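User: Could you take a close look at the aromatic side chains of this model and describe how their rings are arranged?

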Amino acid sequence: MVSMSASSLKSTKRTGLFFVLPFFLIFVLLLIVPLVYSGFISLYKKGLIGGNRYVGFENYITMIHDPQWVSSVGRVFLYFFLQVPIMLIIAVFAALAIDSGKLRFPKFFRIAIFIPYAVPAIIGCIIWGYIYGKNYGFLNQLLGYLHIHHVDWWGNSTQALGSISAIVTWEFAGYNMIILYAALKGLSTELYEAAAVDGAGAIKIALRIKLPQLYPAIFLTLIFSIIGSFQLFTEPQTLNLQAPTVLNNYFSPNVYAYSVAFQGQQLNYAATISFSLGLIIAFFAIIATLVSRRRGGDSLL
Amino acid sequence: MIVLSTYFIVPLFWVIAASTKTTNDIFSTFGLWFAKSWHLWSNLKAVFTSDNGIYKLWLMNSLIYSISGAVGAALLCTLAGYGFAKYQFAGSKAIFRTVLGAVMIPSAALSIPTFIIFSKLGLVNTRWAVILPSLVSPLGVYLMKVYSDTSIPNNMIEAARIDGATEFKIFRTISLRMLMPGFITVLLLSIVGIWNNFFLPLIMLSSTNLQPLTVGLSIWYGRIAGGGSGRDANFQAVVITSAAVSLIPLIIAFLFLQRYWENGLSLGAVKE
Amino acid sequence: MSSMKKRGVVLAVVSTLAASTAILGLSTQQAQAAAQNAAVTKALNTPTTLTFWSWLPGQQNEVNLFQATYPKIKVKLVNVGSGGTEYNKIKAGLAAKSGLPDVAQVEFQYLPTFKVLNGLANIKPYVASDFLTKFPQWISDQVSDAKGIYAVPQDSGPMGLLYRSDVFTKLGLAAPKTWAEFATDAAKIHSADASQYISNMVMDSGNMNGLYWQAGARPFHMNSATSINIKLNDSATKQVTKFWGDLVAAGNLPVDPYWTSDWNAAFNKGKYLSWPSASWGLGTVTSAAADTSGNWRAAPLPTWSSTPVSGSWGGSTVAVMSTTKNLAAAAALAEFVNTNPTAAFALTQAPTFDFPVMKSVLGSDGFLATAPAFYGGQKVYQAYSAYNNTVGKNYEWSPFQDQVYTLWTNDVLDAILKKGDTAAAVDKWQADTVKYAKDQGYTVTTK
């Protein structure tokens, strides 16, 4: 084979740059620039009276001492530990069950669980808002038929988190399940056949053989979940009027940032909240990536 | 498994049944079955004629944003992924790692500063305000790089080079064909993501003609839940029916294109 | 010349001068009026499209009337959401200097907010010269200052008590005249039937604010453009808050959030037997509680003393946005939909039930004779007109009223729902509001 000259090799390599450039330009303009800008304006302050002035880290110090911000961050942490494990367990269980070959109509179950991903969150909120209605909602209607006392699904902050978790799990469990199912499909079947010959049942195969190989995929869904759950916004924002003192304007950091920006007219403080949220998410996502590298050996990121 | 599936299906069944009822019936009849009177047609009519038929505009906007944003994003991702996979130019590894790190940046952290920047540029309340940010998909670039790595043999490219073809011609005639399944995967992921997007269009668009379905429905929902004079309690039936109708496009797309989905997501989950 | 003749000449000159000045002066005024009308007339004869944001049901009828009268003007009426939803969009639009309509519905309590943001256009040169005299003074004061006119009043919200006279009569009760009576009635009603309550807890900040108003609270006063006096924690506010807190703690009121489908259904099923609400509440109950038609009546709000006094909740204006490119036409539209007699009267009837602010409509026979079947043929507007005359005067709004309301929900309502110390909660509301005002750059006094 004739090899290329050094200069044409170099120019070939440089062509790669041209392939990447269009994406990279827009990437910088629409991701890096706003991110940096967000950090930049968080160092300033502008009120209804008086103009723009540089205040250094004052906004951050205010934020750390702001009981509403602290409350919102605590809440999304609690929400993360509540919603994500349950959702991932459901996703893993469903993926394993469908892959086991012991289920009748696996395609039907796959579609059924995945379909809610096609539903925009706002519509999910409208539907679940009615289902959770205090006096005339569907769930309480069912409870009424069973002569059980009505439940106020938004009764207090923790209960509201539970209700919202049910909505978000409904929305995303299918998405995570498909990721895991695709991973399962990629595993070699020799091990199962060997185990089956040895007399292992489907459940044992699932738990002992398939599950450990799923760890990289599970970590992927975990990272996606970290990024998603800390950004909780649509559900509490839309359902706010169902329980204005519980689903209030500082329910999650994003809800708080929106309220501070557009109602409170404090754009600099809102940028501070958004920017710090980004830092928190990046921090935990990176930790999860590092842990997954050590655990799974293979890593995706 | 059956119990599990009921959890996922029941809410959808409820909304379909509810769209056949009047507002009063929604609260007095059993949620999962129909009322004595059948109002689906009048509800549907109300959905499409309320507010001078704005629902049709919202539907169209969602389609415009999803398709144009997704096609643009998929193209950019494909080009970039191919570039990262097949060429080792100076800094390519560093740039790729930066792009990957960007997956962790929450889009919500960017929306408000992007709003401020766009307003200074006069882009707020235009279609570009929604389409431009949708073009950036770091995850799509990652998927396309992995796909390029695994599905395009290097010797084919070398052979074409020896024949004297330019890099871009190689890409256009050989590589693109092999990348198609990956392209479609990123396309579909983007379509769903843009279709479901709520926060970005909410803050960028105030003209109702430009808003997508997600924002439009939140306005209608707010109308039955809003305060003061001007609330219309009977509008609830319209809101519920419009929610039911909005489910149809994406669900149809899903059912048809399931196959591509799994292929695509398997790229991310399994490393060669 | 003799001095007499001189005086005569001077006198003649002076009087001629005076007369000509008078004539000149008159014609200057006339010239001004002619110029105003000319600008507006010209604008109304130029093909223009105006965008109008409003959530008022029935607004389309008034818009149609306008378009019929001025066929060259096309009006796009858009409902972008009610109250806060629309205001957030306006604020975003002002920040971006784009995406704003020409004309928008703005409740009275938010006019100072948008004035501070320079969002309201001065329409004084484009409206009738006797514009302000068409409205009672407390209304015209809210839309104007020495320099100009910033909005066209549309409706107001004098408060009264809507109640289920059928159930009250069955229980041997009359409409409560004092709040003390309201409290004892609350206990009687709930113990007679556990599924019924005298009313829902007042969960809406605007609703409660009207009751504070009735009790004499005057929390805000602008000392100057940059200095504001804030006194939310006066004794009147604390008294009202404690009253409602005690009722909730005693279990005599449910605590259902307003404006939900559940809340609507509750009216319909007879869970709430009364509602201390504004006059537009006539429309709300009519549309929410079709099954109870004929059983509701209006009565004055219960009072704290023997003096009849009421408060106001809501009430809207139509304002022209400062970013409009069609100032004259927009001003004409705003003026028309609210002051054209046919349009103004139409808004007072179903489904809107807006309480009018124009003196001419307030006094008209047609208006006072309104007797909806839903209210058993009661002449509801005669009743509400009487309440309107007792609305407490000299109420001022803050330039960040929506923030004040959110703080009320977080501080005061939250304490009531948790059965906590209401006086401390009101103090916290005061402290948080002062903090916010200072943060925005205001100098704050707290007399």
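Analyst: What follows looks at ring pairs, then at a cluster, and then at charges placed over rings. The model is a predicted one, and over all chains the count comes to 77 aromatic pairs. In one of these, the ring centres of C:F66 and C:F336 are 5.3 Å apart and the planes stand at 70°, so the pair is edge-to-face, given that planes over 60 degrees apart count as such. Because C:F66 belongs to helix α2 (residues 59-69) of chain C and C:F336 to helix α12 (residues 327-339) of chain C, the pair ties together parts that are 270 residues apart in sequence. C:F66 has a relative accessibility of 0% and therefore counts as buried, and C:F336, at 10% relative accessibility, also counts as buried.

Another edge-to-face pair is made by C:W179 and C:W244, with ring centres 5.8 Å apart and planes at 70°. Here C:W179 lies in helix α7 (residues 179-192) of chain C and C:W244 in helix α9 (residues 235-249) of chain C, so that parts 65 residues apart in sequence are tied together; both C:W179 and C:W244 are buried.

Beyond such pairs, chain C holds an aromatic cluster formed by C:Y258, C:W259, C:W263, C:F267, C:Y272, C:W275, C:W280, C:W296 and C:W313.

Aromatic rings also receive charged side chains: the charged end of C:K115 sits over the ring of C:Y150, at 4.7 Å from its centre, while in chain B the residue B:K145 lies over the face of B:F96, 5.1 Å from the ring centre.

Definitions and conventions
Residues numbered from 1 in each chain as written. Chains lettered and ligands numbered in written order. Predicted model: local features only at pLDDT ≥ 70, side-chain atom pairs only at ≥ 80, totals over all residues. Heavy atoms only, no water. Phe/Tyr/Trp six-rings, centres within 6.5 Å; stacked < 30°, edge-to-face > 60°. Helix = DSSP H or I, 4+ residues; strand = E, 2+ residues; numbered from the N terminus. Buried < 20%, exposed > 50% of the residue type's maximum accessible area, 1.4 Å probe, protein only. Lys NZ or Arg CZ within 6 Å of the ring centre and 35° of its normal.
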